Amino acid sequence: MKQTPLGNWRRAIKPSILELKNVHTYYGNIHALKGISCTIPSGDIACLIGANGAGKSTTLLTIFGVQRAARGEIRFKGRPIHRLRPEQVAVQGISQAPEGRQIFARMTTLENLEMGAYLRNDKAEVAGDMEWVFGLFPRLKDRARQLGGTLSGGEQQMLAIGRALMARPELLLLDEPSLGLAPKLVEKIFETILEINKNGVTIFLVEQNAHMALSISNTGYVMETGRIVLTDSAAALLKNEKVKKAYLGE
Amino acid sequence: MKQGSEMGNGEFKKFIIYSLFLGVLILPMVGFPGTHFEAKRAFIVWGVFVGVLALGMLNQVVRQSSIYQKTLGGPQSFNRRVTKQFQKIPVRHWTLILLAAVAVYPLLANNYMVDVGITCLIYIVLGLGLNIVVGLAGLLDLGYIAFYAVGAYTYSLLNLHFGMSFWLCLPIGILLGAILGCVIGYPTLRMRGDYLAIVTMGFGEIIRLVLNNWDSLTKGPNGLLGMAKPSIMYPAFSNSGLEWATYSLKSLHALYYFILLIAVLTVIGVRRLDQSRIGRAWVAIREDEVAAELSGVPTTWLKLLAYAMGAAFASVAGAFFAAKLSYTNPNFFIFMESCIVLCIVVLGGAGSIPGVILAGVLLIAVPEVFRELQDYRMFAFGLAMAVMMVLRPEGLIPATRRKLGLSDIETDTIGELEESYQAVDSRT
Amino acid sequence: MDTSSFLVQQLINALFLGSIYALIALGYTMVYGIIELINFAHGELFTAGAFIGLIVLAALQKYGFVQTHFVLTLFLVFGMAMAYVGVLGVAIEHVAYKPLRNASRLAAILSALGMSIFLSNGMMLSQGVSDRAYPALFGLKGITIIGARITYGQVFIIILSLLLMVALNMFVNWTKLGKAMRATAQNQVMARMLGINIDRTIRVTFIIGPALGAAAGVMVGMYYGSVRFDMGFIYMIKAFAAAILGGIGSIPGAVLGGMIIGGVEVAWSAFLPSAWKDVTTFIVLILVLYFKPSGILGEDVSETRV
């Protein structure tokens, strides 16, 4: 489906940080992404909602080069990144808290956070950011010496986001930060996401919890079986009848 | 075994560069038997190294070159046309021609060459037996030579102590081999490939160490001596009428034809196994054990059967080997022997009977004929095995069944299928 | 010799043998931890280390260097053997393992086995099939503890191997690269997403593991006074048993496993016919694999794993 005029209007006033053009991805013979196009304005929170298996996580993994884009173009701040390997994408200033959290189970919380700052050599600033992350998630500070594998699900989620922040990214990709968490914790996590965004980090959020995601986002994309079927401002999507019926359970 | 990797040009170049680097690295190590540099020795070793690498490169370069793609590689290629021409002549004819050549061979060759032929055939039987375990069922066995030892020692001991004949010992040896195969197979059933490799290697060594240390029974490293050659009985007319006369298979020619018979029977047996339900089930286990199990293939039982069948063939070869030499000792059954047999299977193309035969001839006969090369045999074949896994994992003569795999179906077709499935999905 | 001195003697022997097995087992465990492949060529790399040490030592001895600069000689012998074998390890990884990283496990194992056969036969061709004498550096002088004799050579070897293990532990736990190695071992995709160049960490693993094996090779040569092209095989099986016993992938596990295997072997030789001691190791290996394939310290979340 083509972009709505609103999307174009947004792009006109804000420079885009990430741009996907007609991206196709395959898992072996399975055509997982069938021509994804979207644009994320700098400084925004954008969210990608959709059902299980629609290709949301695949989109994030493709942006990061974990899955190779077979066709199409991905640009970060104008530079093409679709031919880069994950470790090269990380250098560009993108970081990800991926699906399933992917905590290093046999490393402590502190070490996990240190690994997030692997590419940085400015020790003083890293220490400062560590304090900032501990400020965002005080629970992590109590668990600093504990092994990642022994943390609870919510703590692991905080750690995954914290670790991604330690890279001091310009763009943060979050894959289902609310998955498997208690409602209270979900709220807390989303508050924190807003706070992170206020610090100037652009956020691309993938969520099944559409209501929560749309309520904090500027832009929203709706995905179905490997295609983006709807693009609009988050506020408009919240009012969209189709979206209400399919994803908001109203 | 799935396709190793599709190597791009850049990766291939890197591979060659690193291989040459490895060659340079081994140069000082191989050149210093003492404190002085022995150029001749070093450069012969290095020559073999570069030779093997060059063959691997040649294979890759030829297959990637545009001329090859146009003439031999493509769908309407020369290769396929030639293959089709060959296929017009039934396999049976080819087999007959080959059999005739092998049967006439000892009449034209001298004793030494017949002896080489016998060794070669023994290894082909071993290779075919291991082919069941590695090639068909996909279970790695690095202690295969232990079963060969079991066959040899079963015959030797029974013959020396009880005077039992070869024919009586053969089924006992087969049974013992199969039982041992199950004993070794059973604890390893749950293990993954690399653990399996180490454990079978350990088992192989245990058998050898037991043979080596159990002096009172096996005479330890001195070995056993003086077993009778196999003999056959045939009806003969003598003065007292019809009688059974014995003919001892003492001459090299007789032994040659005997092992040839065993080899032919092995080929027939392995072929029939391969094409049977059991063979298909083995291949299913090799390709995807979980899927096979879920489809109702009794994987535990079939894996044990693979070990037992493989062990049985090795046991036959071992009994023949001991009978032929009238001598056996534990040093015939070192780990390197297992490696040679495995090399035969892998280089030939796991699961492929003609491949195993060709590789058997290549690995055993060729170095025997060119004696100077013999020392370099395993050096070259070890490297060849590694290079082959990287560049041509399907072996010299790939098993035909693999060609019928999914990879040959056009990917587009699957893509369309997939889309139509999804269309159905989205409608529901 | 009374009972207590006999026991102390056996304890020292066990410690000595155990540290050698542990050093080799570390190589297995590190490589397995990071690429989940048993480095079949590891036993040969260990032997190669012994031979390089022999070549360097013989050359130094020829020019009378050993008498004048004893400590420097030790440093050179171990340093060159470890450096050389480290580079050799990387070369092997690039030729035989790296192209097969995404291929089937069987292909990778066969490639590793091919490399092992290749190296072992290469050494046979160049170094001969018989035992090669290793120059005795330490002589027979030593100290006596509670009636048990321990030579300076043994003391040196035990101390050096402990130092190497401590250094490895510090590297893995305290340096950035070491942590990156652990991260790669635990989750390769995530490690890459954090910007870790996993090719580099794998390369470093293939330097360190074989280098430790090479050090063990030189130690074995020095202690037993001879080396042979195929001595790697039996050490490989034992070190592998040690790595499995401790829990493959776990660094403390490899050390613990090495000490246990060394202890079992020494105890067996002390009280039972020593011809069967190798059989015991195999049986221990098979029993562990059957009853507790994860080993003593393996796969447990509370463990450091590389």
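Reader: Which residue is the bridge partner of A:Leu174 in E8(A)?

Author: A:Leu205 is the partner of A:Leu174 there. Strands are DSSP runs of E with at least two residues, helices are runs of H or I with at least four, and both are numbered from the N terminus. This is a predicted model, where local features need pLDDT of at least 70 and side-chain atom pairs count only at pLDDT 80 or more, while totals for chains, interfaces and linings use all residues. Residues are numbered from 1 along each chain as its sequence is written, and chains are lettered from A and ligands numbered from 1 in the order in which they are written.

Reader: OK. How many bridges join E7(A) to E8(A)?

Author: Five, and the two strands run parallel. Strands pair if DSSP finds at least two bridges between them.

Reader: What's the strand order in that open sheet of chain A?

Author: E6-E7-E8-E3-E9-E10, six strands with mixed pairing. E6 (94-97) and E10 (227-233) of chain A each have a single partner strand, so one side of each has no neighbour in the sheet. From one strand to the next, the twist averages 15°; angles run from 0 to 180 degrees between N-to-C directions, with axes fitted to C-alpha atoms, for helices over the stretch in contact.

Reader: And which strands does H8(A) touch?

Author: H8(A) packs on the sheet against E3 (45-50), E7 and E8 of chain A, and its direction makes about 155° with that of E8(A). Contact is when C-beta atoms, placed from the backbone, lie within 7 Å.

Reader: Switching to domains: what are the bounds in chain A?

Author: Domain 1 is 5-93 + 169-247 and domain 2 is 102-167, with bounds from an automatic or database domain assignment. Their C-alpha centres lie 24 Å apart.

Reader: How many residues of each domain are in contact?

Author: 13 of domain 1 with nine of domain 2, in chain A. On the domain 1 side, H8(A) gives the largest share, five residues.

Reader: Now chain C. How do H2(C) and H5(C) cross?

Author: The axes of H2 (residues 42-62) and H5 (residues 105-127) of chain C come within 9 Å and cross at roughly 25°. That makes H2(C) roughly parallel to H5(C) (under 35 degrees; over 145 is roughly antiparallel, 65 to 115 roughly perpendicular, the rest oblique).

Reader: Last one: how many residues of chain B are in contact with chain C?

Author: 52 of chain B, with 51 of chain C. The largest share of the chain B side, twelve residues, comes from H9(B).

Methods. Two residues are in contact if their C-beta atoms, placed from the backbone, lie within 7 Å.
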